[in-house]
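Please read the points below beside the sequence and the model.

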Amino acid sequence: MKLRSIISRVIAFALPPRCAGCGMIVEQDDELCAPCWSALDFLDGEGCASCGVPMGQPGLICGRCLQSPPDHDGARAAVAYGGLARDLVVRLKHGRRMGLARLMALIMARHAAGMRDALLAPVPLHRWRIWRRGFNQSMLLARHLSARTGLAVDAQVLTRRKATPMLGPLSARQRAKAVKGVFAVSPEGRPRIAGRHILLVDDVHTSGATANACAKALKRAGAASVTLLCWARVLQDEGPGN
C-alpha cells in the first residue's frame, strides 16, 4: 500500500489533474476550473413541466407543449447547449474523450434526485454507429450516473431497430418522421420495466423526437412513466440533437 501511495503521488506530480474545459491544472480529476464552470449555463429546473424549456417559474407548461404534448413525462437537462457545453459533447462523441462522461454525469446527477426507484435506460445507438464510434455516449453517461446515484441501469431493455440519418440538419417534423417506429423494448425486457419509472438518459435534447419515440416504446411495453435526463438542452431548435 505504501508503494502504491508513492506511485500515485509521483503520477499526480507528473500528470496533474487538468480542467476538462481549458486544460488548466485543477485540484482533482473530473473538475472544471472556476472560469469554465462559470461559462456553463446551468438549468435549475424551473421550466416547462413537460419539456423543461426555461420559463422562470416551475409548474407551467409552454405553448408548444400545450399545442402538442410530448409522449414523455418531463425533461431534465443539466445545462443549456452551446459554448463549453457543446464542446464537451463534441469531444466526448467525436474526440473519443470518454472520461468526460464521468464529469458530465456528476453534474447531471442532481437532476435525478427524488427518483430513487427509477431505472436508468440509455438511448441506444444502432450497432453500425457503435461500430464506427466504438461506444454509446448515452450508455457511458448512464453508467456513471448509476455509480453516482445508486440507481440501477439497464442498457439492454431498449433497442434500436434500424439506423437513422443524422438528425442535426433535419427539421423537427423530419426528425419525428425519421425516428418513428425505430425503438422497441425487447421481449425479455418487458418484465424488467413493467410498472417502473424510467429515466431515459441522453446527451443532447433538441426537438424531443428521439425522447418521444423512446417514451412511446417504453410505455407501450408497460413502463409507468418516462422522464428524459440529459446533459444539455438546445434552447432553440438548431444544432445536433434528438
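1. Helix α8 (residues 172-179) and helix α10 (residues 209-220) have axes that come within 9 Å and cross at roughly 35 degrees. Axes here are lines fitted to C-alpha atoms, for helices over the stretch in contact, with angles running from 0 to 180 degrees between N-to-C directions. The crossing is right-handed, a term used when the near helix is turned clockwise from the far one by less than a right angle. Helices (H or I, at least four residues) and strands (E, at least two) are DSSP runs, numbered from the N terminus.

2. This is a predicted model, in which local features need pLDDT of at least 70 and side-chain atom pairs count only at pLDDT 80 or more, while totals for chains, interfaces and linings use all residues. Residues are numbered from 1 along each chain as its sequence is written, and side-chain values use heavy atoms, with hydrogens and water left out.

3. Which residues make the contact between α8 and α10? From α8 come Arg175, Ala176 and Val179, and they meet Ala209, Thr210 and Ala213 of α10; contact means heavy atoms within 4.5 Å. The residues of this contact divide into 4 nonpolar, 1 polar and 1 charged. In that count Ala, Val, Leu, Ile, Met, Phe, Trp, Tyr, Cys and Pro are nonpolar, Asp, Glu, Lys and Arg are charged, and the others, Gly among them, are polar.

4. Arg175, Ala178 and Val179 are the buried residues of α8. Buried means under 20% relative accessible area, exposed over 50%, and partly exposed in between (1.4 Å probe, protein chains only). Seen down the axis of α8, these buried residues fall within an arc of 85 degrees, so they line one face of the helix; the arc is that of the directions from the helix axis to the C-beta atoms. They pack against β5 (183-185) and α10. On the other side of α8, Arg173 and Lys177 are exposed. Just after α8, glycine 181 has a positive phi of about 70 degrees.

5. α10 is mostly covered, with 9 of its 12 residues buried. These are Ala209, Thr210, Ala211, Asn212, Ala213, Cys214, Ala215, Ala217 and Leu218. The elements they pack against are β4 (158-160), α8, β5, α9 (190-193), β6 (197-205) and β7 (225-233).

6. The length of α10 can be checked. At 1.5 Å a residue, its 12 residues should span 16 Å, and its end C-alpha atoms are 17 Å apart, which agrees. The expected span is 1.5 Å times one less than the number of residues in the helix. Just after α10, glycine 222 takes a positive phi of about 115 degrees.

7. Is serine 225, at 13% relative accessibility, buried or exposed? Serine 225 counts as buried, and its place is in strand β7. Not counting residues up to four places away in sequence, serine 225 touches Asp73, Arg196, His197, Ile198 and Lys219. Serine 225 and histidine 72 are 153 residues apart in sequence, yet 7.3 Å apart in space, C-alpha to C-alpha.

8. Most residues other than glycine have a negative phi. Arginine 96 is a residue other than glycine with a positive phi, near 55 degrees. Arginine 96 lies in the loop between α4 (83-93) and α5 (100-108) and is partly exposed, with a relative accessible area of 46%. Leaving out residues up to four places away in sequence, arginine 96 touches Arg91, Arg132, Arg133, Gly134 and Phe135. Arginine 96 and phenylalanine 135 are 39 residues apart in sequence and 8.7 Å apart in space, C-alpha to C-alpha.

9. Leucine 100 is in helix α5 and is buried, at a relative accessible area of 5%. Residues up to four places away in sequence aside, leucine 100 touches Ala20, Leu88, Arg91 and Leu92.

10. For the protein as a whole, the secondary structure comes to 10 helices and 7 strands. Of its 242 residues, 48% count as buried. Among contacts with a separation of 6 or more, 73% are between residues 24 or more positions apart.
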